[in-house]
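Colleague: I would like to learn how to read a structure like this one, feature by feature. Could you give me the general idea each time and then the case at hand?

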Amino acid sequence: MPESREITGYSGPTDGLIVFGPEDKVVGVAIRHSYDTPSHVEDVEYDFLFMENWNGRTWEEIAAIEELGEAGIYAVSGASRTSECLALSIGHRLRAGTPGETATAPRFRLRWQDGALAGVVVLGCLFAFWKKPGFQRWRPWFHVAVFVVLGFVLGDLIAQSLLLGWVESGIPWRTTPGVALLVAAAFLVPWITRVPLYCTWICPHGHAQRWLMKVVPANWTLKLHKAAKPLLKAIPVLLLLVVLLVSFLQLPLDLAGIEPFDAYLLKSAGTATLVVAVVGLLLSLVIPMAYCKYGCPTGLLLAFVRRRAHQKAPGLRDLLALGFLAIAFCLYRYHESVAAWLVGT
């Protein structure tokens, strides 16, 4: 930092410490601080094969690296974007300190992962809007492909930890254009067309719940009492409130743990996110789409931007959005007083 601040991983940049010995060769690399998802950062820190791969390399050797794979530097499984962020940041910083070189913005990169995400967005839009029967018969296979590729291979699901990291550190459209495209489509398509593209057609966790609905008998379905539904629908509202508090007050809470999306990266998944994922799927056996309806703060956030047909007057959703805006303003204006009160209590 600050030369490599524009290089971000999954949800933010990482500040590294590079130590050179008397022969001008690296003797160690450490992570000083990171704005990325804590569980991913921890996976990188404890992957000694990656962290010690820099040892013995000279300043000039590292500064000359253009492709990490060709230099024998490979991403950490389950935390690939975080580890690549650190690797690219190291190279960028050393090039900035090389005589005759100047620090420039990270170059635009297109990789196969970005192509895969662009394909998911394009195909999702086609299945959402092109209702030709001959094309729609491939829809179940598309859902399976999205579940496997987006969930277990890439792990690039939209989550509060990702969005908050981007709000704090900027959108990494140069280094991860595929993820930026996915998030842009998730917000813009429902705003323009009223169609919930991401929640209905792309989200792997949503597909998993729909499949579970088909494998259990209909008599397993639990009919909720009228009084229970408003209470359950308040859960994602409260979770979004937690996100606001964590953001403005800088509370030490890993937001990846309040949603199930990191659970698909099995190697790096934390206990909290695994519990949320398993409990949500089990509940969907008796309550159709239980997590989507009564637990997903990201789904609620995407619902705020979705236009509703024939709705001309403000509704409950609009009041909730205005309420969150008012809370955000108060936390921004009085965050020091609120933080001091929390410490005092």
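This is a predicted model: local features need pLDDT of at least 70, side-chain atom pairs count only at pLDDT 80 or more; totals for chains, interfaces and linings use all residues.

Colleague: Which side chain does Arg81 meet in a salt bridge?

Modeller: A salt bridge here is a side-chain nitrogen of Lys or Arg within 4 Å of a carboxyl oxygen of Asp or Glu. Arg81 meets Asp156 in this way, at 2.7 Å from N to O. The two belong to distant parts of the chain, since Arg81 is in helix α4 (residues 80-96) and Asp156 in the loop between α7 and α8, 75 residues apart. Asp156 is buried as well, because its relative accessible area is 2%.

Colleague: How many salt bridges are there by this rule?

Modeller: The count comes to four. One of them joins Asp15 and Arg32, whose closest N and O atoms are 2.5 Å apart. Asp15 lies in strand β1 (residues 14-20) and Arg32 in strand β2 (residues 26-34), so this pair ties together parts that are 17 residues apart in sequence. Asp15 counts as buried at 11% relative accessibility, whereas Arg32, at 56%, counts as exposed. Glu84 and Arg111 also meet in a salt bridge, at 2.5 Å from N to O, and both of these residues are buried.

Colleague: You speak of helices and strands, so how many of each does the chain have?

Modeller: Helices (H or I, at least four residues) and strands (E, at least two) are DSSP runs, numbered from the N terminus. The chain has 16 helices and two strands. Of its 345 residues, 44% count as buried.

Colleague: Why can helix α8 be described as largely enclosed by the rest of the structure?

Modeller: Helix α8 covers residues 160-169, and eight of its ten residues are buried, so the rest of the structure largely encloses it. Among those buried are Leu162, Leu163, Leu164 and Trp166. Their cover includes α9 (177-193), α12 (228-249) and α15 (297-305). Just after α8, Gly170 takes a positive phi of about 100 degrees.

Colleague: Which residues have the most contacts inside the largest nonpolar core?

Modeller: In soluble globular proteins, nonpolar side chains tend to be buried together. A nonpolar core is a set of buried Ala, Val, Leu, Ile, Met, Phe, Trp, Tyr and Cys residues joined through side-chain atoms within 4.5 Å. The largest one in this model has 37 residues, and Leu182, Tyr198 and Ile202 have the most contacts inside it. The elements giving it two or more residues are α5 (112-129), α7 (139-154), α8, α9 and α10 (197-202), and α9 gives the most, with seven residues. If residues up to four places away in sequence are not counted, Tyr198 touches Leu157, Ile158, Leu182, Ala186, Cys203 and Leu302, where a contact means heavy atoms within 4.5 Å. A second, separate core of 22 residues includes Ile31, Trp54, Ile90 and Leu94.

Colleague: How many aromatic pairs does a search of the whole structure find?

Modeller: A pair of aromatic rings is described by the distance of the centres and the angle of the planes. Rings of Phe, Tyr and Trp (its six-membered ring) pair if their centres lie within 6.5 Å, and planes under 30 degrees apart count as stacked, over 60 as edge-to-face and the rest as tilted. The search finds eleven pairs. Phe127 and Phe135 are stacked, at 4.4 Å centre to centre with 20 degrees between the planes, and both are buried. Phe147 and Tyr264 are edge-to-face, at 5.8 Å and 90 degrees. Phe127, Trp130, Phe135 and Phe142 form one aromatic cluster.

Conventions
Residues are numbered from 1 along each chain as its sequence is written. Side-chain values use heavy atoms; hydrogens and water are left out. Buried means under 20% relative accessible area, exposed over 50%, partly exposed in between (1.4 Å probe, protein chains only).
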